[in-house]
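Have the viewer open as you read.

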Number of protein chains: 2
Amino acid sequence: MHGSTIRVAYQGVPGAYSEAAAAKAYPNCEPVPCEQFEAAFQAVELWLADRAVLPIENSLGGSIHRNYDLLLRHRLHIVGEVQFPVNHCLLAMPGVSMSELKRVISHPQALAQCEHTLTRLGLNVAREAVDDTAGAAQFIADNNIRDTAAIASSRAAEIYGMNILAEGIQDDIGNVTRFVMLAREPIIPRVDRPFKTSIVFANEETTGSLFKMLAAFAFRDINLTKIESRPQRKKPLRIVDDSNNGKAKYFEYLFYIDFEASMADPRAQNALGELQEFTSFLRVLGSYPMDMTPLVRSPPL
Amino acid sequence: MHGSTIRVAYQGVPGAYSEAAAAKAYPNCEPVPCEQFEAAFQAVELWLADRAVLPIENSLGGSIHRNYDLLLRHRLHIVGEVQFPVNHCLLAMPGVSMSELKRVISHPQALAQCEHTLTRLGLNVAREAVDDTAGAAQFIADNNIRDTAAIASSRAAEIYGMNILAEGIQDDIGNVTRFVMLAREPIIPRVDRPFKTSIVFANEETTGSLFKMLAAFAFRDINLTKIESRPQRKKPLRIVDDSNNGKAKYFEYLFYIDFEASMADPRAQNALGELQEFTSFLRVLGSYPMDMTPLVRSPPL
């Protein structure tokens, strides 16, 4: 990046899980906090940032359709993926002990994810919902509130000078979020290391066509790692598509598929060629190196 | 129900969307509010309620994996489905006008879903997150707070004696939640009206077997209305399964499929027989009448 640090837009405040995912994806990056997901897209589109890191699915919550919608409405490309375990910590001001706490604050989902563990720790105190996990830590630190703890990441503790009273307090150990990295330009797909390709497609016809569409991959021995149908229910889809003059299109179903092949692989090109015969809309969101860390590797479907 | 009113457990406080879904599913029911989703399951299992109504997927948020997990951990059966449009309203105490508002409170997802509309209404005031939508309305009414509005359902306005300042304030019109109705006993599937069957299955083998599994439906002309893969990533699955002596099982993937056939239909029975050859775990969550209201009807995949 011309000798300068890469700037990575994320949604949240410093200490957010998205910021940690950005740091895992780009170790020496300059994180750029954004209030909304859409602002992170715009930051990259307007050259205020070089990359965006976007949560796309969570092992408890499932796919985040709202962020898939943003991928279709904008022109950014997926250039990588990173999976990040959600590891909630209980944070308080330095010197505060567990018995002094009268309140725990965090995002409602984080409070729900730690409910039983808090009770097991003897913390039967008031729980209050705020906008985000790192924001809860920031609020306590900024106001030096000593009777209140936050549920947030260990990085939030570091940033806001707080103590970690307990670590790994989520009730469910398998809480992992998958993030994708976005850029203005796609990367050139290669075949010398494992690549994954993410596509979205839709069809207007209604005769049981999913089986035909999957044959395009199965007969070429291309493994899928994700498949999901999403009914659209007459909702217009705002797609960035020049042939469409910006008009909204209507589809009955959208399909999300991730498959284990690089678009540089002729098998992938042929599969998409065949898929196009059965679909009225097809978009490659990106072809990118797979995250091969042990945490994340799932076998083919 | 022996001459008495049917009692339906739901998660939330009166005025919650889940309560409205319960009323749509069982028009003259006695709704039983529960603090947590799990408490709604327990209420039915312990005969404190006759049915539970559980949100299972949302058109913006996607499938709620956490609630699929509860279905696998408990022994209840899906006996019906109901789809409910999320229609957010801006509620304030009677006599309060829009210009007097200094704050809007609601669940963070509701605040996010109405962000642009609030700005368009000129409401550039503080937004504060609380635990749930109906709870926000209840809080304002109980404390007679006149400078604060809540985002909640029109039913919450009715219950807590509040005024609706604006209706349908969600930015995205296609915001629909699908709920399932749960009971201790399955209903006897019939073939004289459209039925849907929901199944969950998993396999320990890793050779691209999804295509084989879908053939069991495709070759019998059974339409699918939902398919979703969910990587388990070495997470133990706690399944209620007598053959398993309560031990946790490990799977690489779970699959959720909804198909358009009653289990009374021999085609469905044969398809599941074939599917069982390729899976190490298979459970029918329920076979139940389809919600045929125009809002919801999606064509086969």
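Arg7(B) comes out as partly exposed, at 25% relative accessibility; the cut-offs are under 20% relative accessible area for buried, over 50% for exposed and partly exposed in between, with a 1.4 Å probe and protein chains only. Its salt-bridge partner is Asp50(B), with the closest N and O atoms 3.1 Å apart. To count as a salt bridge, a side-chain nitrogen of Lys or Arg must be within 4 Å of a carboxyl oxygen of Asp or Glu. Arg7(B) sits in strand 1 (residues 7-11) of chain B and Asp50(B) in the loop between helix 2 (37-45) and strand 3 (51-58) of chain B, so the pair ties together parts 43 residues apart in sequence. Asp50(B) is buried, at 7%.

A word on provenance: this is a predicted model, where local features need pLDDT of at least 70 and side-chain atom pairs count only at pLDDT 80 or more, while totals for chains, interfaces and linings use all residues. Residues are numbered from 1 along each chain as its sequence is written, chains are lettered from A and ligands numbered from 1 in the order in which they are written, and side-chain values use heavy atoms, leaving out hydrogens and water.

Over all chains, the search turns up 27 salt bridges. Here are three of them:

| Pair | Closest N to O distance |
|---|---|
| Asp265(A) and Arg267(A) | 2.9 Å |
| Arg7(B) and Asp50(B) | 3.1 Å |

Arg178(A) lies in strand 11 (residues 176-183) of chain A and Glu57(A) in strand 3 (residues 51-58) of chain A, so this pair ties together parts 121 residues apart in sequence. Arg178(A) is buried at 3% relative accessibility, and Glu57(A) is buried at 14%. Both belong to a salt-bridge network that also links Glu81(A), Lys196(A), Lys226(A), Glu228(A) and Asp258(A). In the remaining pair, Asp265(A) is buried at 16%, whereas Arg267(A) is partly exposed at 32%.

Now for the sheet. Chain A has an open one of five strands, ordered 8-7-9-6-10 with mixed pairing; strands here are DSSP runs (E, at least two residues), helices are H or I runs of at least four, both numbered from the N terminus, and two strands pair if DSSP finds at least two bridges between them. Strand 8 (126-129) and strand 10 (163-167) of chain A are the edges, each with a single partner strand, so one side of each has no neighbour in the sheet. Strand 7 (residues 103-106) of chain A runs parallel to strand 8 of chain A, joined by four bridges. Ile105(A) has Glu128(A) as its bridge partner in strand 8 of chain A.
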